[in-house]
Amino acid sequence: MTAPLSGSVSSPVARMTPGPAPGTSADPPPRFEGCRLGTLRKGQRAVVTGLDESAVATPLPPGELERRMIEMGLIEGARVEILHEGFPGSDPLAVRIDDHTLALRRAEAHAVLVALG
């Protein structure tokens with residue numbers, strides 16, 4: 001799970017319309033219509049749409065942060081809520097994930113893509 005699932009979903013008719021070849025410069029840029037868990041404030045709720053550790057500076061080997069997030073329950077469709085922000089600097093975060101709660105560094109929370117709701 002490395003990319004957001006949100007994006008343009010077109011009708012079956014539109015998908016069958018011939019267009020430019022994949023990989024050409026005419027391809028629209030990928031769309032992401034959500035935000036990152038690390039940008040949420042206390043009390044906000046969202047649904048996990050994907051993971052993207054490329055935006056996070058971490059000493060972990062590639063893929064390791066994503067694996068840990070999945071093990072903590074940050075999987076696609078999981079409902080999250082920011083319960084508490086630490087002091088000072090609003091870090092770490094206390095995050096309710098479905099039926100359990102965990103503490104997460106805000107920097108690492110930026111790897112979690114969410115849609116508000």
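Start by selecting Glu81, which touches Gly43, Gln44, Arg45, Ala94, Val95 and Arg96, leaving aside residues up to four places away in sequence; contact here means heavy atoms within 4.5 Å. Glu81 is found in strand E3 (residues 79–85). Helices (H or I, at least four residues) and strands (E, at least two) are DSSP runs, numbered from the N terminus. Glu81 is buried, at 19% relative accessible area (buried is under 20%, exposed over 50%, partly exposed in between, with a 1.4 Å probe and protein chains only).

A quick word on what you're viewing: it's a predicted model, where local features need pLDDT of at least 70 and side-chain atom pairs count only at pLDDT 80 or more, while totals for chains, interfaces and linings use all residues. Residues are numbered from 1 along each chain as its sequence is written, and side-chain values use heavy atoms, with hydrogens and water left out.

Next, pick helix H2 (residues 64–71), whose buried residues are Glu64, Leu65, Glu66 and Met69. They pack against strand E2 (45–51), E5, helix H3 (106–109) and strand E6 (112–116).

Stay there and show the side chains of Glu64, Arg67, Arg68 and Glu71, which are linked in a network of salt bridges (a side-chain nitrogen of Lys or Arg within 4 Å of a carboxyl oxygen of Asp or Glu). Arg67 and Glu64 have their closest N and O atoms 2.4 Å apart; for Arg68 and Glu64 it's 2.9 Å.

Last stop: Asp52 and Arg36, another salt bridge, at 3.1 Å between the closest N and O atoms. Asp52 sits in the loop between E2 and H2 and Arg36 in strand E1 (residues 35–36), so the pair ties together parts 16 residues apart in sequence.
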